[in-house]
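Me: Could we go through the ligands of this structure one by one? I would like to begin with their surroundings.

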Amino acid sequence: MPLMRMLNRLSGYVHWKQGLECLGARSQHTAAHSSSCNYQLLPDCLELKYGGLVMHFDYVWLRDHCRSASCYNSKTNQRNLDTASIDLNIRPSKSRVDEHNLFLTWPDGHVTRYNLTWLAQNSYEGQKKSAMQPRILWNADIYSSAEVPAASWDKFMSCDEELKNFLNNFLLYGIAFVEGVPPTLEATETATQRVSLIRETMYGRMWNFTSDFSRGDTAYTKLALDRHTDTSYFQEPCGIQVFHCLRHEGTGGRTLLVDGFHAADTVLQRTPENFELLSHVPIKHEYVENLIEHRNHMIGIGPVLNVYPWNNEVYMIRYNNYDRSVINTVPHDVVRRWYLAHRQLSTELRRPENELWVKLKPGKVLFIDNWRVLHGRESFTGLRQLCGCYLTRDDVLNTARSLGLRA
Ligand SMILES: C[N+](C)(C)CCCC[C@H](N)C(=O)O
Ligand SMILES: O=C(O)CCC(=O)C(=O)O
Ligand SMILES: [Fe+2]
């Protein structure tokens, strides 16, 4: 739920006025209130009650976040104030509120005005309650019944609204399709560049691969591939993967998609201690390629689940059992518990109801959030040619934000 809607809803239930009167009577500290808010200067922080939230702000934080013209350049959105020169024992000498703002006067006479809504949105307590990224966690049923429309190539290339809808779906579900794309590498590249910069890797910029074992990896065979995320062996795994099947004359070769965040959420709800292990135990992934043409050695270290510590929201899953390397970063008893946690997550990822199977066809380009949705493939026969690329996550999110989406 968006924060402001949540605040509005909560504020209906709380009788601040009552709370205020007791507060004023008992408090030793400076306390004050206006119709919609009240606050008090506690010894180590300012406590603010506003819009149904009780928030605490450190005094150095408050001084550091002054948005006055001398402290902050609103043309560049950059801080001017030298944070390291703030007295770490600073406290305001005067304070007051009006309907929308809190005003603090600092010992040197400088006045800071804080918009109350801004404070609520930027408080720790507010962040704790709101998701960084609104998402719809899915299994095969949920995704299919949502009937998420694919973008159509012409509109996608010419109309910002179509791009915005496409990105909105991508942000909500972690996958999105563009249909009617000419079945060429060039058109695929054009489509991806509408969204983001391409992230070049040791596989190249745009790749076009088949089962010729031209690289030392199972992807370049006809074998089935179990669900996984790619480039788990990078310190920062690639954010988005794009697939376009240009040709397949044969059988099998369907693509498997699984929402990793849905599986992680089930683990969190049922067995929080397993979620804790998966989000804290550092795991190594490694890519060692020893061909005459290609020699590569990549190592990426990080937990299976990367979470924001303030709200336990998962922002990246790194799951690739093929490329997972030796575990030597934790003692044996933790290893044992980690395997248990890994088993539970794998069980969730493998539930047939969580599997979305699609057959990629020429013309249909698939964008996968490689930090969230796992992919795999069925074994196949015949000639199968897949092209695509990786995208820079920052640039995808940047495009989404520039179109007014929350990302
Ligand atoms: C997509 N492309 C064929 C270029 C690369 C495949 C990389 C495969 C690797 N095992 C991984 O999961 O990262
Ligand atoms: O062949 C496929 O469908 C996908 C193979 C794969 O996992 C990859 O290229 O990353
Ligand atoms: Fe892959």
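Reply: What follows is a short exchange about the ligands of this predicted model.

Me: Which residues come nearest to ligand 1?

Reply: Ligand 1 has 14 residues around it, and those that come nearest are Asp217, Thr231, Tyr233, Asn320 and Asp323.

Me: Which atom of ligand 1 does the side chain of Asp217 approach?

Reply: It is a nitrogen atom, which lies 2.7 Å from a polar atom in the side chain of Asp217. The side chain of Asp323 also has an N or O atom placed 2.9 Å from a nitrogen atom of ligand 1.

Me: What classes of residue form the shell around ligand 1?

Reply: The shell consists of 7 nonpolar, 4 polar and 3 charged residues.

Me: Now to the metal. Which residues are the protein donors of the iron ion?

Reply: The iron ion, ligand 3, has His228 (NE2), Asp230 (OD) and His375 (NE2) as its protein donors, lying 2.1 Å from it. Along the chain, these donors follow the spacing H-x1-D-x144-H.

Me: Why does the pair of His228 and His375 tie together parts that are 147 residues apart in sequence?

Reply: His228 belongs to strand E14 (residues 225-228), whereas His375 belongs to strand E23 (residues 373-377), so the pair ties together parts 147 residues apart in sequence.

Me: Which oxygen distances do you have for the side chains of His228, Asp230 and Gln241?

Reply: A polar side-chain atom of Asp230 is 2.8 Å from an oxygen atom of ligand 2. For His228 the corresponding distance to an oxygen atom is 3.1 Å, and for Gln241 it is 3.4 Å. Of the 290 Å² of accessible area that ligand 2 has on its own, the protein covers 95%.

Me: Where does ligand 2 sit, and which elements give two or more residues to its shell?

Reply: Ligand 2 sits in the largest pocket.

How values were computed. Residues are numbered from 1 along each chain as its sequence is written. Chains are lettered from A and ligands numbered from 1 in the order in which they are written. This is a predicted model: local features need pLDDT of at least 70, side-chain atom pairs count only at pLDDT 80 or more; totals for chains, interfaces and linings use all residues. Side-chain values use heavy atoms; hydrogens and water are left out. A residue is near a molecule or strand if one of its heavy atoms lies within 4 Å of it. A polar contact is a pair of N or O atoms within 3.5 Å; within protein, one must be able to donate a hydrogen and the other to accept it, and residues adjacent in sequence count only if both atoms are side-chain atoms. Ala, Val, Leu, Ile, Met, Phe, Trp, Tyr, Cys and Pro count as nonpolar, Asp, Glu, Lys and Arg as charged, and the others, Gly among them, as polar. Donors are N, O and S atoms within 2.8 Å of the metal (3.2 Å for Na, K and Ca); water is not among the atoms, so sites may look incomplete. Helices (H or I, at least four residues) and strands (E, at least two) are DSSP runs, numbered from the N terminus. Accessible areas come from the Shrake-Rupley method with a 1.4 Å probe; for residues, only the protein chains shown count as cover. On a 1 Å grid over the protein atoms alone, a cavity is a set of points where a 1.4 Å probe fits but cannot get out, and a pocket is an open set with protein on both sides within 12 Å along at least five of seven lines; lining residues have an atom within 4 Å of a point. A molecule sits in a cavity or pocket if more than half of its atoms lie within 2 Å of its grid points.
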